[in-house]
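Please find below a colleague's note, arranged as numbered points. It may be read with the sequence and the structure side by side.

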Amino acid sequence: MRKICLTVIGLFLLFVHAFSQSTDSVPAGYKPRKLNLDEVNFVSGYYSQTADKSAVMGGRTDSKGIGDVTDLSNGIDLKFIAWDPKMRKNTLTAGLGIDYHTAASQAFVDSNGRARNNGTRIYPTLDWSITNDKKGTEFGIGAYYSAEHNYYHSIGLNTSLAKKTHTNGEFSLKLTGYFDNIKMIRPAEFIPVDSVTSVSPTDSVVYITTASGRVETLTYVNGQATGGNAKTVIPSKPRDTYTATLSFAQIINKRMQGSITLDLVYMNGYLGLPFHRVYFNTGKDTIENLPSQRFKLPIGLRLNYFLGDNIILRGYYRFYFDSWGMRSHTANIEVPVKITPFLSVSPFYRYYIQTAANYFAAYALHAPTDKYYTSNYALAGFTSQTLGAGFRVAPPKGILGNLKILEIRYAHYSQTTNLQANNISMDITFK
């Protein structure tokens, strides 16, 4: 965690120095053709969660089912802009994010609680878009990569197209594909014996014991493990996700704007996680088993209303359903209030309710005859509420030289499954 923070601070100081050397020498109205750094965004966040019923332990509510999580995230985005000979705006955005998390339940991938309970995720992104103001069109492509310590790798690709109408509206289409590779790291008690060498009275058994993918050779003497180490290849399984996002935004009048968004999502491959346990009503435990396909269809409506010069009402509603039997409703309202021309506060509230997936049951309620089964409470029926506020400072001349925007947001989240969370984030923009 210390290395991550020092790296981000170092990058921060480097770009502050770089921006401090710049001058506003470009004449008004002149559009440079050369690719120039236009904006730098730093985002940092801290998330803390207390919960029980962890999916790793099959929804147990005792001390082994504790689902406490912390996450420290840091990210940087560099935005470059150029104008080509046809005076089309070209935007290149390069980003890098680093997350460090701890999860109490992850330690119990080893049934004795000795597995690694922390990890790091790194996710670079690259996006390019070209905007033609005369035709009112925009085209973009992007790429994404994510690696979460040693068990999850993901590659993402996207393309988008937007077209403005003559009535102050805009149609857009975005196609996205994620291609994931999941290491099949199973709980220790489900790892098959790789080799057994009987040297009386000692047996050596090789199996995986940690969520980081470490392989241990445990030497048993009179039934007691005495230790040892070895390496082997861990198999993996693919998971692909394809999304088509259709949206239409419209300026209704001087005070009102609205949009509607439809997502068509198809998932295929291994859709569970290999270290999520399920306990049957017989007392026997196993690994969750879910269908290899899933269709999702969220529909979202957004409406913004300018209530005078200093207050904006931002409303959002989303309905969601999928092929696993889940249904959900999301309602969100945010009210930015401009206290001064450069200072605003934005309180917000979000209410969410969902029904359980067809394949969910709580701890020890599944029957051995069930074809599919999970005790992951992300697929349970519950309601949740989020309450928070944002604080934004954006003086016309900046805060400190090229530091143009500073925004801090805090949110408290509560869920009826006994989950509580707090999240605080900071966004700094240099121009």
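1. Phe360 counts as buried because its relative accessible area is 18%, where buried means under 20%, exposed means over 50%, and partly exposed lies in between (1.4 Å probe, protein chains only). The model is a predicted one, in which local features need pLDDT of at least 70 and side-chain atom pairs count only at pLDDT 80 or more, while totals for chains, interfaces and linings use all residues. Residues are numbered from 1 along each chain as its sequence is written, and side-chain values use heavy atoms, with hydrogens and water left out.

2. The structure holds 13 aromatic pairs. Rings of Phe, Tyr and Trp (for Trp, the six-membered ring) pair if their centres lie within 6.5 Å; planes under 30 degrees apart count as stacked, over 60 as edge-to-face, and the rest as tilted. Tyr359 and Tyr372 form an edge-to-face pair, because their ring centres are 5.4 Å apart and their planes stand at 70 degrees. This pair links distant parts of the chain: Tyr359 and Tyr372 are 13 residues apart, and each is in the loop between strand E20 (343–354) and E21. Helices (H or I, at least four residues) and strands (E, at least two) are DSSP runs, numbered from the N terminus. Tyr359 is buried because its relative accessibility is 17%, whereas Tyr372, at 25%, is partly exposed.

3. Phe360 forms an edge-to-face aromatic pair with Tyr377, with 5.0 Å from centre to centre and 75 degrees between the planes. Here too the pair links distant parts of the chain, since Phe360 and Tyr377 are 17 residues apart, both in the loop between E20 and E21. Tyr377 is buried, as its relative accessible area is 16%.

4. A charge sits over a ring if NZ of Lys or CZ of Arg is within 6 Å of the ring centre and within 35 degrees of the ring normal. Lys53 lies over the face of Tyr377, at 5.9 Å from the ring centre.

5. The loop between E20 and E21 also holds Ala364. The phi of Ala364 is near 65 degrees, a positive value in a residue other than glycine. Most residues other than glycine have a negative phi. Ala364 is partly exposed because its relative accessibility is 27%. Met87 also has a positive phi, near 60 degrees, and is not a glycine. Met87 is placed in the loop between strand E2 (69–83) and strand E3 (89–103), and it is partly exposed because its relative accessibility is 33%.

6. The largest nonpolar core has 15 residues, of which Val56, Val109, Tyr151, Ile182, Ile185 and Phe275 touch the most other members. A nonpolar core is a set of buried Ala, Val, Leu, Ile, Met, Phe, Trp, Tyr and Cys residues joined through side-chain atoms within 4.5 Å. Another core, of 10 residues, lies apart from the largest one and includes Leu271, Leu290, Met326 and Tyr359.

7. Lys163 belongs to strand E6 (residues 152–164) and is partly exposed, because its relative accessible area is 41%. Beyond its neighbours within four places in sequence, Lys163 is in contact (heavy atoms within 4.5 Å) with residues including Gly136, Thr137 and Phe171.

8. Asn402 lies in the loop between strand E21 (382–393) and strand E22 (403–415). Its relative accessibility is 18%, so Asn402 counts as buried. The side chain of Asn402 reaches the backbone oxygen of Lys431 at 2.7 Å.

9. On the protein as a whole, there are 1 helix and 23 strands. Of its 431 residues, 40% count as buried. Among contacts between residues at least 6 apart in sequence, 57% join residues at least 24 apart.

Note on methods. A polar contact is a pair of N or O atoms within 3.5 Å; within protein, one must be able to donate a hydrogen and the other to accept it, and residues adjacent in sequence count only if both atoms are side-chain atoms.
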